[in-house]
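Thanks for coming, everyone. I would like to take a few minutes to go through one model, beginning with the sheet and ending with the pockets.

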Amino acid sequence: MGRRCVDDLENIFWQAFSGAQAHLTMGTDRIRRYAPGFPAIIAFADVDNPDFGAIGEFCPPKERFFCAEWRGAAPSGWRVDVEASFCSMAWSGAAPTPDRKPVRLTQVHVPLMAALATQTCPGPFPQRPMDIGEWYGMFEEGRLVAIAGERAHAGRWREVSGVCTLPDFQGRGYARRLTARVVASQLARGLHPFLHVMSSNARALGLYEHMGFAVAREVPLRVVSKA
């Protein structure tokens with residue numbers, strides 16, 4: 001697997017939460033979360049000393065939150081439900097050829113998007129996707145069967161996220177084509193695409209490397225909840 005150093009992808013969610021996407025988050029100057037309606041993600045200013053005591057009032061009991069970069073003992077009043085890792089991948093290819101098949105999604109499509117995400121479990125999915133970025137979809141006979149969109153935004157970096165396809169329509173290249181459409185839009189806006197893939201998902205890692213992404217770093221990932 002190819003690997004290159006991309007230092008400014010380090011702690012990318014905190015970069016987003018304390019910068020371009022601060023208005024979509026809540027918390028303090030040391031720890032923040034996306035606001036309700038957006039993906040359940042917590043980020044820390046100092047990943048070695050996460051200040052969970054300051055975020056508790058913003059996090060309902062039993063809600064599960066994704067946290068990147070952080071290892072160590074679970075803080076008082078919290079538990080670690082999942083321990084894993086994912087790869088940050090940065091775009092290193094040429095601009096994709098425009099594809100007319102993907103449809104730019106709008107607010108009217110949100111219920112269809114939510115239903116698709118529920119069936120495919122692409123990770124934390126926003127209830128307000130249009131407020132966090134652009135989204136594109138593939139339709140078959142009027143049915144939304146695949147989507148991809150955007151999540152974190154920090155400086156020049158813009159994340160490709162929420163890529164998912166209904167099981168009956170997998171293997172047709174929809175994920176690749178939708179990802180390419182999002183990447184093309186980001187490059188046209190002067191942004192640098194990146195995405196996250198679970199370290200254990202060799203198939204997805206291979207797909208994205210073939211498309212033009214390169215693994216930048218492997219990142220600890222946890223799912224936590226208030227005990």
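What follows is a short tour of this model, which is a predicted one.

Let me start with the sheet, which is open and has 11 strands with mixed pairing, in the order E1-E2-E3-E4-E11-E5-E10-E9-E8-E7-E6. At its edges stand strand E1, residues 25-27, and strand E6, residues 103-104, and because each has a single partner strand, one side of each is left without a neighbour in the sheet. For E6, the pairing is with strand E7, residues 135-140, in the antiparallel sense and over 2 bridges, and here Arg104 stands opposite Tyr136 in E7. Helix H2 packs on the sheet, where it touches E7, E8 and E9, and its direction makes about 90° with that of E8.

The largest pocket has a volume of about 990 Å³, and of the 37 residues that line it, Pro122, Val163, Asn201, Ala204 and Tyr208 are the closest to its centre. Which element gives the largest share of that lining? It is E9, with 7 residues, while the elements that give two or more residues also include helix H3, residues 174-188, and helix H4, residues 202-211. By residue class, this lining divides into 22 nonpolar, 10 polar and 5 charged.

The second largest pocket, with a volume of about 270 Å³, is lined by 16 residues, and those nearest its centre are Pro39, Gly123, Pro124, Phe125 and Gln127. Helix H2, residues 110-120, gives the most to this lining, with 3 residues, and the lining divides into 10 nonpolar, 4 polar and 2 charged residues.

Notes: Residues are numbered from 1 along each chain as its sequence is written. This is a predicted model: local features need pLDDT of at least 70, side-chain atom pairs count only at pLDDT 80 or more; totals for chains, interfaces and linings use all residues. Side-chain values use heavy atoms; hydrogens and water are left out. On a 1 Å grid over the protein atoms alone, a cavity is a set of points where a 1.4 Å probe fits but cannot get out, and a pocket is an open set with protein on both sides within 12 Å along at least five of seven lines; lining residues have an atom within 4 Å of a point. Grid points are joined across faces, edges and corners, and a volume is the space filled by probe spheres set on the points. Helices (H or I, at least four residues) and strands (E, at least two) are DSSP runs, numbered from the N terminus. Ala, Val, Leu, Ile, Met, Phe, Trp, Tyr, Cys and Pro count as nonpolar, Asp, Glu, Lys and Arg as charged, and the others, Gly among them, as polar. Two strands pair if DSSP finds at least two bridges between them. Contact means heavy atoms within 4.5 Å. Axes are lines fitted to C-alpha atoms, for helices over the stretch in contact, and angles run from 0 to 180 degrees between N-to-C directions.
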